[in-house]
Amino acid sequence: MFELLFLLLPIAAAYGYYMGRNSYKDKRASKKTEQTNNYLKGVDFFINNERDQAVDKFIAYLNEENPTFESSLALGNLFRSRGEVDRAISLHTSLANNEDVEPFENELAQLELACDFMSAGLLDRAESILQDMVQIPRQRKSAVSLLVKLYEQERDFDKAIAIGKEHQDVLSPSSLNRICNYYCELAHNALLSGKFKETAELIAAAHDLVPRSIRPPLLKAELLLKEQATGTNPDRARRAQVLSLINQIATADPATGPLLLALLRQAFTPNLETSSALPSLSTLNDSTKRQLPQDPAYKQALSELAQQTGSAAVIVELARYLAQYESHADAELLLLNAIKERPNIKLYSAYMGLRSQAQGQERESESIMQLKSLIDAQIARHSVYSCSRCGFESSMMFWQCPSCRRWDTMRPKRAIDGD
């Protein structure tokens, strides 16, 4: 009997080893399956624009027992994106201080730590890290880009421009565009302060940096109009310069019709009070309250701008000019043709306004005006400008989107309820 038990011991040991191995494999497979499911669910949430749930699943996927450097770095980034900056700082600090990682990995962790500090508002600590990283050739490009954003966050445009000019050879086109806008921000402030010479120098610097940007010529036109407004008589040569700039901008970016219309109005109405060529919703919808300048050159400029931009605001202005000084029928025909080509409720509202003024339509005019008032109320509810990157909408024009913080992405909306 004992001999039989002795013979069964190896079999029992083998069976125990086999069962233990299978149990380990099952646990490992179960854990791997759970990780894979978390990853796939995260992708699914991401595709369906459910960002918070996606981040939760990716964190669960990356938060394993023996994470790699890459997964730990990514985990910290996810913590930061979810607003858990303290956890991101703790994780990236441990990676940056880990003596077992490669030097370039330590540098990457330092850059992410600087981003954490920027998110937390600890700009001095972020600046200190980035100034050290700028001295490392392989990290110079990333560090300079982050430093530029840091100084932007502080609204210290002079420092941002200085660091950008010093390292211009490694800056991306988007970073150069940022610095161009910093010049323009300083130029705008100088213009409001009446420092015309300084404004001109800053505009020239912005244009030299990014020749294709439309903001420097817009500011230059504003500067010329300010100079014209301070003179005793309108300067025809200065107006010609403004019209040339308007033509240049319209050719480069047809979506700027409403912005250019504000400049055009001011060019032919020097006493028009406006602090900026960037109109708000109210200034775009006040066309029925103003007396248009009776100048054939204004009509010609409006016609050219309408052809270049197809802007509803410009077409309405041109129709008003025709109705006031030439032919009421021509004004209606202009609006009808524009509506057929591109339906737009602003054009339709202007057309109804003209129809209500037609002779022999006294009985219908009241009904038409009631309908027009409803459409105008609907127009007033809609935003004029939208960001091409994040979709943020506003009735005011911003050169930096208040939502995604991108520069030069907001333009007048091109839709049935837009321009």
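A: Begin with how elements are named: helices and strands are DSSP runs, a helix having at least four residues and a strand at least two, numbered from the N terminus. With that numbering, Asp408 lies in the loop between strand 2 (393–394) and strand 3. Keep in mind that this is a predicted model.

Q: How many helices and strands are there in the protein?
A: The protein has 19 helices and 3 strands. Of its 419 residues, 45% are buried. Among contacts with a separation of 6 or more, 53% are between residues 24 or more positions apart.

Q: How do helix 13 and helix 15 pack, and at what angle?
A: Angles over 145 degrees count as roughly antiparallel. Helix 13 (residues 257–268) and helix 15 (residues 296–309) pack at about 170 degrees, their axes 11 Å apart, so helix 13 is roughly antiparallel to helix 15. Helix 13 contributes Gly257, Leu260, Leu261, Leu264, Arg265 and Phe268 to the contact, and helix 15 contributes Ala297, Tyr298, Ala301, Leu302, Leu305 and Thr309. By class, these residues are 9 nonpolar, 2 polar and 1 charged.

Q: At what angle do the axes of helix 8 and helix 9 cross?
A: The axes of helix 8 (residues 157–166) and helix 9 (residues 173–192) cross at roughly 145 degrees and come within 10 Å. The crossing of helix 8 past helix 9 is left-handed. On helix 8 the contact involves Phe157, Asp158, Ala160, Ile161, Gly164 and Lys165; on helix 9, Ile179, Tyr182, Tyr183, Glu185 and Leu186. This contact divides into 7 nonpolar, 1 polar and 3 charged residues.

Q: How many salt bridges does the count come to?
A: Side chains of opposite charge can pair when their charged atoms come close. The cut-off used here is a side-chain nitrogen of Lys or Arg within 4 Å of a carboxyl oxygen of Asp or Glu. The count comes to 17 salt bridges. One of them joins Glu84 and Arg82, with N to O at 2.2 Å. Glu84 counts as buried, at 19% relative accessibility, and Arg82 as partly exposed, at 32%.

Q: Which parts of the chain does the pair Glu107 and Arg138 link?
A: Their side chains meet in a salt bridge at 2.8 Å, N to O. Glu107 is in helix 5 (residues 103–120), and Arg138 is in the loop between helix 6 (123–134) and helix 7 (140–153), 31 residues apart. Glu107 is buried at 7% relative accessibility, whereas Arg138 is exposed at 54%.

Q: Is the pair of Arg411 and Asp253 buried or exposed?
A: Arg411 and Asp253 are both buried. Their salt bridge has its closest N and O atoms 2.7 Å apart. Arg411 belongs to strand 3 (residues 410–412) and Asp253 to the loop between helix 12 (236–252) and helix 13, a separation of 158 residues.

Q: Which residues are linked in a network of salt bridges?
A: Arg80, Glu112 and Asp116 form such a network.

Key: Residues are numbered from 1 along each chain as its sequence is written. This is a predicted model: local features need pLDDT of at least 70, side-chain atom pairs count only at pLDDT 80 or more; totals for chains, interfaces and linings use all residues. Side-chain values use heavy atoms; hydrogens and water are left out. Axes are lines fitted to C-alpha atoms, for helices over the stretch in contact, and angles run from 0 to 180 degrees between N-to-C directions. Angles under 35 degrees count as roughly parallel, over 145 as roughly antiparallel, 65 to 115 as roughly perpendicular and the rest as oblique. Contact means heavy atoms within 4.5 Å. Ala, Val, Leu, Ile, Met, Phe, Trp, Tyr, Cys and Pro count as nonpolar, Asp, Glu, Lys and Arg as charged, and the others, Gly among them, as polar. A crossing is left-handed if the near helix is turned anticlockwise from the far one by less than a right angle, and right-handed if clockwise. Buried means under 20% relative accessible area, exposed over 50%, partly exposed in between (1.4 Å probe, protein chains only).
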